[in-house]
Amino acid sequence: MDKTRATLAEAVADIPDGASVMIGGFGGSGAPIELIHALIDRFAATGSPKNLTLINNNAGNGHVGLAALIEQGMVRKLICSFPRSADPRVFTQKYQAGEIELELVPQGTLAERIRAGGAGIPAFYTPTGFGTLLAEGKAIETFEGRSYVRERWLKADVALIKADVADPYGNLTYRMAARNFNPLMAMAAATTIVQARRIVAAGEIDPETVITPGIFVQYVVEVANPAQEEVLNRAGARYPEGEVA
Amino acid sequence: MSEKLSNAQIAWRAAQDIADGAYVNLGIGFPEMVAQYQPPGRQAIFHTENGILGFGEAPPQGEEDWDMINAGKKAVTLNPGAAFFHHADSFAMVRGGHLDVAILGAYEVAENGDLANWSTGPKGVPAVGGAMDLVHGAKRVAVITEHVTKDGKPKLVKRCTLPLTGVGCVTRLYTSLAVIDIEGGHFVLREKLPSISLETLQSLTGAELKLDGPVADLIVPEL
């Protein structure tokens, strides 16, 4: 078995217009910047994919990664918990212009909806959001005297994941708090595409340390020196390079 | 009104109620200051939504590792005994009632324990983050806040007017003037600055301050 792909372009080649795409990361930590930029390159060359629904905790920062994807006009809808950042202008302008739809989800509910999607659980009850605007229209049930909100699973066509070490079976480890949403999203997508800092031979990852078992992964591409969104933003970077909005 | 506590002093007072070994989540911004004022000999274990237990202070500038950040996206370091985990485990710690204390900021807190701290209304881009989860998870949900708004209006009110973060969730308030518990749908005054009269404090509070035993002086060091 070999899930490795030689290039980022090859790994993202089949994502169609209108796809729902989970993107790992919390802010820049764990964000698969190179996979996102490969998607932007494909859009620049072919006009696809567009009308994407993105699922991420945030809405991008500056003009790289997730923010660049939004800035290029490839995103129809964003599902997230916190669409603010040090420099949220790209999302904010599109949102205020009515050019992008926002579904706001409490962060723990977002994580659990994704986990439920990957685990085959169509709905669950959480105390989070009860009595607030974010529970409007949702079923409420009482358990042991306390009220809970019914929330639905969240699945996606594609997940873009940043891992630390991978093997050809798609087994993954993560680096520190870059783990965040990545293992959950890997479970919840029909096609999970991973960029890993290093791809090693099968057997070289100690099975005790595997965080995402390969069953959840379809493609793996090596990106040896992945960019950090925070570092790019501090340098004033834009993607595509040199483009001035 | 003659005097009030600074943000650092409010944070200091809140820190005095955190036990050694407590698992604690501090909200983004002002609540993060609480970590600086742990009493000597006590060590809380700080939780961040993005998957760290046991994070420590910020690293020196230039030594940041951007895979090691807190919920405010600021670089942190690790204390001995730290652990990483994914987001679903992180919120299982929250929702599952495993955290001892969550300390959050507030726009408004009502006498019934309702909290509004995520939205100031329909203008702007709404953002909620983990606040709605935290208020229903921790064993104790405390709020640190100025007693009144910049315009002098009460932040402690009968019923919240802003969109709610959670219903009946706040158990204790540390304000710039007082320490107040929420019990049985009422504000119960526990401590107040010695320099402020009960009448003045009540006039700056949007719902009745109940008394249940003696009110202690709120004494905080210069910081």
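Biologist: Hi! How much area is buried between chain B and chain A?
Modeller: About 3,400 Å², with carbon and sulfur atoms giving 64% of that. Buried area here is the accessible area (1.4 Å probe) that two parts lose on being put together, summed over both. B:W66, B:D67 and B:V125 supply 21% of the area that chain B buries against chain A, more than any other three residues.

Biologist: Before we go on, what sort of model is this?
Modeller: It is a predicted model, where local features need pLDDT of at least 70, side-chain atom pairs count only at pLDDT 80 or more, and totals for chains, interfaces and linings use all residues. Residues are numbered from 1 along each chain as its sequence is written, chains are lettered from A and ligands numbered from 1 in the order in which they are written, and side-chain values use heavy atoms, leaving out hydrogens and water.

Biologist: Thanks! How many residues does each chain bring to the contact?
Modeller: Chain B brings 35 residues and chain A brings 46, with contact meaning heavy atoms within 4.5 Å.

Biologist: And how many salt bridges are there between chain B and chain A?
Modeller: There are 2, counting a side-chain nitrogen of Lys or Arg within 4 Å of a carboxyl oxygen of Asp or Glu. A:R175 forms a salt bridge with B:D65, and their closest N and O atoms are 2.4 Å apart.

Biologist: New topic: is A:T173 buried or exposed?
Modeller: A:T173 is buried, at 12% relative accessible area. The cut-offs are under 20% for buried, over 50% for exposed and partly exposed in between (1.4 Å probe, protein chains only).

Biologist: Which residues does A:T173 touch?
Modeller: Not counting residues up to four places away in sequence, A:T173 touches A:A163, A:D164, A:V165, A:I205, A:T209 and A:I211.
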